[in-house]
Amino acid sequence: MTWLTVSSPASSANVGPGFDSFGLALNQPRDHIEVQVKPGSGKVEVEVSGRSEYNVPTNPEANSGGLVAKTILNRVGDRFDVRINVTKRIRPGCGLGSSGATAAGVAFALNRLLGLGLSRGELVLLAAEGERAAAGSPHADNVAASLLGGFTMIVSHNPMRVYSITPPRSLRVCVVYPLVEYERKTEKMRSVIPSTVDLHDALWNIWHAAAVAAGFALGDIELLGSGMDDAIVEKARSSLIPCYSEVKRRAIRAGAKGVAVSGAGPAMIAFVKAGDTDPQGVLRDMLDAYIEAGIAANGFVTEPGEGCSATLEDE
């Protein structure tokens, strides 16, 4: 096998109180990544197509997929050259795991192409290395969701233990994001996280994280939605998220079961139970908050999705 094309999904990390642990793969949007391998000397090339304003770096050291490829080649020996072509459909810098999708897709492809036989934990750890390019340090919540699909939980880093749960079929996800630009956004958002926390806030997050995990496991959207409040990380970041309080208020008023910042933001997600509430109506109310504030924004409705999958391969 010399090349593989992978479909890799967007993801929403944290899902409220699950900082650096919880993630949710989204059915749409998805990046398409073609990875080619041939005998060589360890050279990595990256090309990116898609919307020009996304401005995704092609330097392998600055691209999450390129960094994953270099990490893997360093481990297996520089006996191959790798060429990566990314069709970028996930908007970078808005909190939907754009860099994580690319990193996950490349890790998935090279595991297959090089016959590495990596476990899911090993694959997640390698993909997480790619996040250094975007965030300055590895983090695994987005890449785990993109690789495994569904709702994912990281319960240990050493050794890496990660689990995936199939979300309720009736769960719909309303996604909104203001069209604002941040310099080194993930790094900036991590810099405001407190180094010490009040015991009550820690307990609050434990209780709510338990509700989210149990809700997904039981297929109970009311329960998981009730847990999507974060008294630590989201609280610290909320002042940096445009229209945070108003978007959240309007979504709940319109019938959403829970609302949270998606990853490091500025995107926000609202969970809706299909059949109980019209997700398009919730989406409109969330977008109205930005319109009334004079802030350009986009949004869409999707649902939980599957993880990375091979769409085309050469054997």
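Let me begin with a term: contact means heavy atoms within 4.5 Å. Helices (H or I, at least four residues) and strands (E, at least two) are DSSP runs, numbered from the N terminus. This is a predicted model, in which local features need pLDDT of at least 70, side-chain atom pairs count only at pLDDT 80 or more, and totals for chains, interfaces and linings use all residues. Residues are numbered from 1 along each chain as its sequence is written, and side-chain values use heavy atoms, without hydrogens and water.

The sheet is open and has four strands in the order E8-E9-E7-E10, paired antiparallel; a pair requires at least two DSSP bridges. At its edges are E8 (258-261) and E10 (297-302), each pairing on one side only. From one strand to the next the twist averages 20°. Six bridges join E7 (residues 171-178) to E9 (residues 268-273) in the antiparallel sense, and Cys174 stands opposite Ala270 in E9.

Now the helices. H11 (residues 279-293) lies across E7, E9 and E10, at about 15° to E7. Angles run from 0 to 180 degrees between N-to-C directions, with axes fitted to C-alpha atoms, for helices over the stretch in contact. H10 (residues 244-253) lies across E7, E8 and E9 and runs at about 160° to E8.

Finally, the annotation. An unreviewed UniProt entry assigns "domain: GHMP kinase C-terminal" to residues 215-273; UniProt positions follow the numbering used here, feature names are shortened, and annotations may be inferred rather than shown by experiment. That span is 42% helix and 17% strand, with its end C-alpha atoms 13 Å apart.
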